[in-house]
Amino acid sequence: MGDQTLAGESNASGMHPDQATSRRMPVVCERFDDLGANGAPARLGIMGGTFDPVHIGHLACAEQVREAYGLDAVVFIPAGNPVFKRDRDITPASDRLAMCRLATESNPAFDVSSLEIERGGDTYTVDTLRELRAHYPDNVELVFITGADAVAKIFRWHESEAVAGLARFVAVTRPGYPLDDEMRATFEESPFTVEFLEITGLSVSSSDLRRRVSEGKSIRYLTMSRVRDYVCEHGLYRKEH
Ligand code: ATP
Ligand code: MG
C-alpha cells in the first residue's frame, strides 16, 4: 500500500503526520479506505462517471442501490479522461472532483475517490477495478453501479472480459434508455454478472444541466445547492460545449 505523504513532511514532534493523528493517508478514498479490515464481509458500491456536473440522478441512483443491496459505502470515482467522451471538452478534473465532494459529503455512506484522475492518461474501468481489488481484502465485494445507458456499452469497454471478473454489476433503470428483456438477455451468455434494479426515474442528465446553464436557465433542484453555487462561482458551463 503506498504511503502518499511527501518525503520530508513532518510535524513539530518530529513524527510522521500519519502517526501524529494515528490515521493513514487515504489511498482510495477518505472515509472507507479501511473497509473490510476487520475481516467481516463488506460491500463497496462504485459509481463511475464523468460527473460533469454531478446531479440528483447520480445521487438517487447510488442511494437506491446502496439500500437495495445493503452496501456499506458507495464511492464516486470521477473519470480522468473518459474515452467515450472525446467529442467535447470536459470540465477540468479538479472541478468535477470538487463538485462530487460537495454533493456527497452530507451522506455518511458516500465518498469520493480521485484514483482515476490521479492515474492520468485514458480512463479505463479495468484499471480502476484492479486497483480497488488490490487495495481491499477479499472479504470486500465490489459492486459496480451503472445506469441503463452505460450498461448497454459494457461489452465495448477496454478488456471487458477482465472487467467482468473483477466486480458484480448493478444496472439501474434510467428514463429514455431501455432495460427490457431483450437487453437483459444479452448479458445471460456473457461473462458479466449483471443484476437489474428498477429505481425512481429521474430524467436528469449532466448534458441537460450544462445546456441549461449555457442558456442562462436555472439548475436549482436538479443538483445539490452547493454544486449549483460552485458552478455559479466558478463560471462553469456558460458557453455551450
Ligand atoms: P452526460 O449527459 O454528460 O453523459 P450523465 O448524466 O449521463 O452525463 P454520467 O457522468 O455520464 O452522467 O453518468 C455516470 C453514471 O450515472 C452512468 O452509469 C449513468 O448511466 C448513470 N446515470 C446518470 N444519470 C442517471 C439518471 N438520471 N438515472 C440513472 N442513472 C444515471
Ligand atoms: Mg452519460
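This is a short tour of the structure above, stop by stop, with something to select at each one.

**Before you start.** The model is predicted, so local features need pLDDT of at least 70 and side-chain atom pairs count only at pLDDT 80 or more, while totals for chains, interfaces and linings use all residues. Residues are numbered from 1 along each chain as its sequence is written, chains are lettered from A and ligands numbered from 1 in the order in which they are written, and side-chain values use heavy atoms, with hydrogens and water left out.

**The whole protein.** Start with a cartoon view: you will find 10 helices and 6 strands. Helices (H or I, at least four residues) and strands (E, at least two) are DSSP runs, numbered from the N terminus. Of the 241 residues, 45% are buried; buried means under 20% relative accessible area, exposed over 50% and partly exposed in between, with a 1.4 Å probe and protein chains only. Contact here means heavy atoms within 4.5 Å. Among contacts between residues at least 6 apart in sequence, 75% join residues at least 24 apart.

**Select Gly45.** This residue sits in strand β1 (residues 42-49) and is buried, at a relative accessible area of 0%. Show its surroundings: leaving out residues up to four places away in sequence, Gly45 touches Leu71, Ala73, Val74, Val75, Val143 and Ile145.

**On to Pro53.** Follow the chain to the loop between β1 and α2 (56-68), where Pro53 lies. The peptide bond joining Asp52 and Pro53 is cis, with omega about 0°.

**Now α3 and α10.** How do the axes of α3 and helix α10 (residues 225-233) pack? They lie 8 Å apart at an angle of about 155° (axes are lines fitted to C-alpha atoms, for helices over the stretch in contact, and angles run from 0 to 180 degrees between N-to-C directions). That makes α3 roughly antiparallel to α10; under 35 degrees would count as roughly parallel, over 145 as roughly antiparallel, 65 to 115 as roughly perpendicular and the rest as oblique. To see the contact, show Ser94, Asp95, Ala98, Met99, Leu102 and Ala103 of α3 with Arg226, Val227, Tyr230 and Val231 of α10.

Select Asn107, in the loop between α3 (93-104) and β3 (110-112). Asn107 is buried at 16%, and its side chain reaches the backbone nitrogen of Ala109 at 2.9 Å. Beyond its neighbours within four places in sequence, Asn107 is in contact with Arg31 and Glu63. Next, pick Thr173, in the loop between β5 (168-172) and α8 (181-188). Thr173 is buried at 17%, and its side chain reaches the backbone nitrogen of Ile199 at 2.9 Å.

**Last stop: two tyrosines.** Is Tyr221 buried or exposed? Tyr221 is exposed, with a relative accessible area of 67%, in the loop between α9 (206-214) and α10. Its phi is near 75°, a positive value in a residue other than glycine. Tyr237 is buried, with a relative accessible area of 4%.

Methods: Polar contact = N/O pair within 3.5 Å; in protein donor to acceptor, adjacent residues only side chain to side chain.
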